[in-house]
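Welcome, and thanks for opening your viewer. Please load the model, and let us take a short walk through it together.

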Amino acid sequence: MTGFGTEEARRIVEGFRDDMERVLEGWWAQVQRLNEEFKQYSTIGSTVYDKRKAAARQRAYAEITTDPERAYPLAYLADAGLLPSYQFPTDTFSLDPGVDDTPTLFRPAGIGLEEFAPGNLVYANNHKLKTIRAIFAGSWSERGVAGVRSNLDSSGLARAFYFCGRCDMVTEEVRNDCPVCGEPMGRHVNVAFLSQFEAEDQARITSAEDVRERRRFDVRDRLVEEGETEVALFDYAFLPVEHRRMARILRTNWGRRDPVKGEGERFAICAECGRHRPADPDQAKRWEESHARFCPGVCEELVLGYEFRTDALVATVPPQPGSEGYDEALLVTAAEALLIAASTYLETEAYEISAFPRRTGADPETGAERPGQVVLYESVPGGAG
Ligand SMILES: [Zn+2]
Ligand SMILES: [Zn+2]
């Protein structure tokens, strides 16, 4: 593998101004949102519950404006994933705890996609927090006029993707058939690239409401299919490998895994205010009633996503002698084995390389099931070479 070339270095340097502006604009949007929400929750007739929400806004506001550690520009830019701190900068997800004694929580995006997902419980600072909402541009303003683009739409964070039902192909291009296995393509799925969430203290509201512990989510890793990709083929006898330069990796969370169907139930998120409607029918009914009092928005079925570009190796793993096609147990084992081998050989930390198995479906010409592949990639966005 090669490191950063002149071309890539130039792209990073030239993109710095835009990246910096994006982070600063995000900071300003945050300041405005906290101010607006503080006003909403601190009217003369506020309930105890609303007062607590207002106090949480005040704490969050102080954190990003005056706190000597968190608001310090270099620390803030590192938390936002723009500057390196003790490791390569990573994209981060944040969770506003919604309480006044706990600072904002940050996680690397790949982990936050599951940990901060709506409906999940997060334990922090003796609080049992539950994610109740996604935050995006405009999600605090009470709009939602019929026929006008929703706040989520105008934020540009939700995009249509097409997932093949037969193999692990995913693309953003509209196609009739899957470019990998030839299967007719179905409807699109809305993937929302949300990275800021808000939680609420559960223990102090009602403890009987949710006795479930951590949720099991349907998380899927995919290589995004693109028209032009730079591929170098290494035709090793038993393990042909492709090196894809700056491949697009998409990690999606399809919601709580349905114990019967085994698939994620997806997230019902209000396209105006970002609040998450619980899946349980009784809870959902109560949620609809209280939500309608302050927000005219409607919920959309979404899948949460996080994507980045990095160098990837795609190894085709031959089936065990005497068998053919995709063997899930073999692929999962091979992915883990290749991961251990690669990180031992390259002397990297456990989190710096990741791997996942990939189904390629049936050969469109012969109809025979093809063996699976292992995608091995650098988990540092952009790749460290
Ligand atoms: Zn396919
Ligand atoms: Zn709403």
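Start by selecting arginine 266, which is partly exposed because 19 other C-beta atoms lie within 10 Å. (Buried means 20 or more other C-beta atoms within 10 Å of a residue's own, exposed means 12 or fewer, and partly exposed is in between; C-beta atoms are placed from the backbone.) Arginine 266 sits in the loop between S11 and strand S12 (267-270). Its phi is positive, about 70°, although it is not a glycine.

A note before moving on: this is a predicted model, in which local features need pLDDT of at least 70 and side-chain atom pairs count only at pLDDT 80 or more, while totals for chains, interfaces and linings use all residues. Residues are numbered from 1 along each chain as its sequence is written, and chains are lettered from A and ligands numbered from 1 in the order in which they are written.

Next, pick strand S11 (residues 241-256) and find methionine 246 in it. Methionine 246 is another residue other than glycine with a positive phi, near 45°. Methionine 246 is partly exposed, with 15 other C-beta atoms within 10 Å.

Select helix H2 (residues 48-65) next. Which residues of H2 are buried? They are Lys53, Ala56, Arg57, Arg59 and Ala60. These cover an arc of only 165° around the axis, which puts them on the same side of H2. (The arc is that of the directions from the helix axis to the C-beta atoms.) The buried residues of H2 pack against helix H1 (6-41) and strand S1 (92-96), with contact meaning C-beta atoms, placed from the backbone, within 7 Å. Turn to the face away from the buried side to see the exposed residues Val48 and Lys51.

Finish at helix H6 (residues 281-294). Of its 14 residues, the number buried is 0, so H6 lies largely in the open.

Key
Helices (H or I, at least four residues) and strands (E, at least two) are DSSP runs, numbered from the N terminus. The expected span of a helix is 1.5 Å times one less than its number of residues. Two residues are in contact if their C-beta atoms, placed from the backbone, lie within 7 Å.
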